[in-house]
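Here is a short report on a protein model. Look over the sequence and the structure first, then read on.

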Amino acid sequence: PTRRSSDLTLDSTGATADYEEESFSTTQGFPGAVTIYQNRLYLAGSSGRPSGLMGSRVGLMFDFDVGTGQDDESINITLGSDVVDEIKHLKYGRHLQIFTDLNEYFLKVTSTTGVTPGSFQVNKQTSYGSRTLSKPEVFDGATFFVQNNGVVVRQFLFEDLEDAYSAKAVNLLASHMISNPTDSAALPGSAAKPEAFI
């Protein structure tokens with residue numbers, strides 16, 4: 001049966017700013033990238049907000065209420081770029097590193113404030129893009145990732161003199177050995193086995 005508008009009763013018809021919508025759902029999509037950094041849970045890369053990044057409240061991993069922007073409250077931003085980046089991976093390295101399908105970013109943090117809604121600054125570093133299937137791996141002080149083309153492995157390394165990251169190709173001498181990888185892993189060395197592999 002069809003309802004007529006005269007059959008519906010509303011609580012109020014006045015203007016309101018108090019409304020809620022789920023950030024993640026079957027309609028909005030679910031986060032494709034997740035990590036913990038400085039006692040916050042970060043979620044990113046849903047189909048509804050491909051370049052959206054959310055950080056929980058400090059110490060409260062499932063509380064994403066932005067509140068009034070106090071230092072311990074949640075962070076909710078969209079990467080600012082000239083293109084719409086789709087966040088593929090979040091990696092905890094020297095900084096919070098953000099790998100998208102088109103660019104690489106990092107979260108710049110001052111030593112005095114840490115990560116707060118007021119000091120949150122995401123800086124674009126390089127423009128190679130990262131593959132979805134093979135996740136970046138932290139290895140020997142750098143983060144290695146497979147470029148979006150599926151044939152180049154890059155070393156995302158922080159350069160202190162430039163206060164920025166570089167992303168040099170590391171498989172140029174054996175480029176024929178990388179062809180659309182579907183996964184990645186790192187094995188650190190130990191006292192018994194000093195060799196390290198990625």
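The report covers sheets, cores, backbone angles and pockets.

## Ground rules

This is a predicted model: local features need pLDDT of at least 70, side-chain atom pairs count only at pLDDT 80 or more, and totals for chains, interfaces and linings use all residues. Residues are numbered from 1 along each chain as its sequence is written, and side-chain values use heavy atoms, with hydrogens and water left out.

Strands here are DSSP runs of E, at least two residues long, and they are numbered from the N terminus. Two strands pair if DSSP finds at least two bridges between them. Strands of a sheet pair through backbone hydrogen bonds, either parallel or antiparallel.

## The sheet S1 to S4

Four strands make an open sheet in the order S1-S2-S3-S4, with antiparallel pairing. The edges are strand S1 (33-37) and strand S4 (75-78); each has a single partner strand, so one side of each is left without a neighbour in the sheet. From one strand to the next, the twist averages 15 degrees. Such angles are taken between lines fitted to C-alpha atoms and run from 0 to 180 degrees between N-to-C directions.

Now follow the pairs. S1 and S2 run antiparallel and are joined by five bridges. Here Ala33 stands opposite Ala44 in S2. The hairpin of S1 and S2 has two residues between the strands, and in it Gln38 takes a positive phi near 50 degrees. S2 and S3 are also antiparallel, with three bridges. Tyr42 stands opposite Gly55 in S3. Strand S3 (residues 52-55) pairs with S4 over four bridges, in the antiparallel sense. There Gly55 stands opposite Ile75 in S4.

## S2 on the inside

Is S2 buried or exposed? Five of its five residues are buried, so S2 is largely enclosed by the rest of the structure. Buried means under 20% relative accessible area, exposed over 50%, and partly exposed in between (1.4 Å probe, protein chains only).

In a regular strand the side chains alternate between the two faces of the sheet. Both faces of S2 are covered. Arg40, Tyr42 and Ala44 are buried on one side, and Leu41 and Leu43 on the other.

## Two nonpolar cores

A nonpolar core is a set of buried Ala, Val, Leu, Ile, Met, Phe, Trp, Tyr and Cys residues joined through side-chain atoms within 4.5 Å. The largest one has 15 residues, of which Tyr42, Leu53, Ile87 and Leu90 touch the most other members. At least two residues of this core come from each of S1, strand S2 (40-44), strand S5 (87-92), strand S6 (96-100) and strand S7 (104-108).

S11 and S12 run antiparallel, joined by six bridges. Glu159 stands opposite Ala164 in S12. Asp163 sits in the loop between strand S11 (153-159) and strand S12 (164-169). Asp163 is not a glycine, yet its phi is positive, at about 55 degrees. Its relative accessibility of 39% makes Asp163 partly exposed. Asn180 lies in the segment after S12. Asn180 has a positive phi near 50 degrees, and it too is a residue other than glycine. With a relative accessible area of 44%, Asn180 is partly exposed.

## Two pockets

On a 1 Å grid over the protein atoms alone, a pocket is an open set of points where a 1.4 Å probe fits, with protein on both sides within 12 Å along at least five of seven lines; lining residues have an atom within 4 Å of a point. The largest pocket has a volume of about 310 Å³ (the space filled by probe spheres set on the points, which are joined across faces, edges and corners). Its lining has 18 residues, and Phe144, Val146, Val153, Ile178 and Ile198 lie nearest its centre. Strand S10 (residues 142-146) gives the most to this lining, with three residues.

The second largest pocket has a volume of about 170 Å³. It is lined by 14 residues, and the closest to its centre are Ser23, Gln28, Ser46, Arg49 and Met54. S3 gives the most to this lining, with three residues.
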